[in-house]
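Colleague: I have some questions about the labels on this model. Show it to me and we can go through them.

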Amino acid sequence: MPGKLIAALSVYSIVLVAFFLTGTPPLWAFVFGLVACVLSYAGGLEVPLS
């Protein structure tokens, strides 16, 4: 799995956990998590795999 994908999934899971802890409805948590995931992927956030 490429580093960018790992970073994007990490951001997604962090956002989901944060939203669930604040009591946000699941649909909103999912939508914002997806947006954060796409932005981090498009922005080039990457986990070094070496």
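Modeller: Here is the protein, as a predicted model. Buried residues make up 24% of its 50 residues.

Colleague: What makes a residue count as buried?

Modeller: Its relative accessible area must be under 20%. Take S40, in helix 2, residues 26-42.

Colleague: Which residues form the largest nonpolar core?

Modeller: Five residues: A8, Y12, L16, A29 and C37. Helix 1 gives the most, with three residues.

Colleague: What makes that set a nonpolar core?

Modeller: Members must be buried, of listed types such as Ala, Leu, Tyr and Cys, and joined through side-chain atoms within 4.5 Å. A8, Y12, L16, A29 and C37 are such a set, so they are called a core.

Colleague: Which contacts does L16 make beyond its neighbours within four places in sequence?

Modeller: L16 is in contact with A29 and F30.

Colleague: How many helices and strands are there in the protein?

Modeller: Two helices and zero strands. The C-alpha atoms fill a box of roughly 35 × 15 × 15 Å along the principal axes.

Colleague: What share of the accessible surface belongs to carbon and sulfur atoms?

Modeller: The share is 79%, of about 3500 Å².

Conventions. Residues are numbered from 1 along each chain as its sequence is written. This is a predicted model: local features need pLDDT of at least 70, side-chain atom pairs count only at pLDDT 80 or more; totals for chains, interfaces and linings use all residues. Side-chain values use heavy atoms; hydrogens and water are left out. Helices (H or I, at least four residues) and strands (E, at least two) are DSSP runs, numbered from the N terminus. Buried means under 20% relative accessible area, exposed over 50%, partly exposed in between (1.4 Å probe, protein chains only). Accessible areas come from the Shrake-Rupley method with a 1.4 Å probe; for residues, only the protein chains shown count as cover. Contact means heavy atoms within 4.5 Å.
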